[in-house]
Amino acid sequence: MAGIWFKPGNLAAKAQTDYLNNGLMEAMYSSNKMAFRASIIVDSSMADKVVQVMSIRSAYNDYDKGNVTNITIENGLLIFKSYDSGTIKMDAAWAEVLPFDTAFELEVIFGGPYPYIAAKKNGTALTATKHTGTNNHQIFNGSYEVFLGGNENQIPQAEGLMFIHAQLSNDNNIPADNYAYFLVTRWDWDFEDEIQPFKIVTRRNGTISSLDMTVTYQPENVVWTSGNTPPADSGGGGGGGIVVPGNGNTTQVQGIITENDLPVARRVFAITEAELTIAGSQETTQAVLSNTVSSDIDGSYTLDTSPYEGSVMVIASDDYGLVWQADTAYAVGDVIRPATFQGYVYHCTLAGTTGSTEPVWWFETDSSQSIGTAQFQAKPFSRPLAHGPIIPTIIPSV
């Protein structure tokens, strides 16, 4: 038994397939059905956060206006959302809080049997608290790509999440090994191969083959483990095979984030300037040592970089928000953006529910405007900024 661990503090590491055409024998044929099953562990540090579990991005003609399907765990609850060109087609949630720090089997079925979407934990059906949409919505549509532990561009990607195995099908069940249907494909991940942990065994029309997923950014934050529990050093500061040099000292980086000379709250990361050794490998890579959010009052932040004493780069990232969704409730502070990004994000200033059609987006930043019963204020999206190299301060022991 082996698994893949997405470390706490992960910013952008995710596993993704190539963009596949459904004509390939390894690919999912166009379908308005889906079944996803995985044995996972969610760290208790994510109890009040969003965990990106799996995502499918698909399109028939225009990749930029494709369908998106996301499975997430938010505040311990399972959430399923599927969109067509930015318009939500299926919105579902379930009542039971999922377990933390222990392995459980998660299953999500779309496209039948009634009520067209269902979820199970360890084989027991979960109770739906929200269920809107239709089973006629295409999940796989012409060409597509699949993400584990993330989606196309949400920041951060999966944190504190371990996969022990996973399966995906373009049917409303996971078919048995002996099936032979041209229109049905089954994928299996077992993560047993340390060299190629994301190798997918595919079955379609009696043909067995394989394809791979890749981790293209921050691969040090995705850790292979030979057991069925997260590695002992599973935090965001240098575990998972990255050898972080140091003398055991407590080190930190402090600063202030401002925009137009005013303090702002931004996600801030400390990344090693030097490439570090990966245990058991000849490869080297930079490592994210710590991340936090700067104060919205004075812009201050403190990053714990222990025990690293070398120079770091500090990167501040604006909130890119989530793509606008129709008929969706938003709370004050939520951030959204248009399906076609135009350089602005929109901060919710009055809680409410969006309408059924995408609004005409505006670029006036002085006041809020209504989207349904909610109100939002436009704000130019600030591209990430980097500062450094900076030598961390050593904090004396008390």
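Mentor: Let us start with a term: two residues are in contact when heavy atoms lie within 4.5 Å. Please keep in mind that this is a predicted model.

Trainee: Which residues is Ser317 in contact with, leaving aside its neighbours within four places in sequence?

Mentor: Apart from those neighbours, Ser317 contacts Arg266, Arg267, Phe269 and Pro384. Ser317 itself belongs to strand S28, residues 312–317.

Trainee: Is Ser317 buried or exposed?

Mentor: A residue counts as buried under 20% relative accessible area. Ser317 has a relative accessible area of 15%, so it is buried.

Trainee: Which strands pair with S4?

Mentor: Strand S9, residues 104–110, runs antiparallel to S4 and is joined to it by seven bridges; here Ala35 stands opposite Ile109. Strand S14, residues 161–169, also pairs with S4 in the antiparallel sense, over eight bridges, and Met162 of S14 is the bridge partner of Ile41.

Trainee: Which residues of the largest nonpolar core touch the most other members?

Mentor: In soluble globular proteins, nonpolar side chains tend to be buried together. Here the largest nonpolar core has 50 residues, of which Met34, Phe36, Phe80, Phe163 and Leu168 touch the most other members. S4 supplies the largest share of this core, five residues.

Technical notes:
Residues numbered from 1 in each chain as written. Predicted model: local features only at pLDDT ≥ 70, side-chain atom pairs only at ≥ 80, totals over all residues. Heavy atoms only, no water. Pairing = 2+ DSSP bridges. Helix = DSSP H or I, 4+ residues; strand = E, 2+ residues; numbered from the N terminus. Buried < 20%, exposed > 50% of the residue type's maximum accessible area, 1.4 Å probe, protein only. Core = buried A, V, L, I, M, F, W, Y, C linked by side-chain atoms within 4.5 Å.
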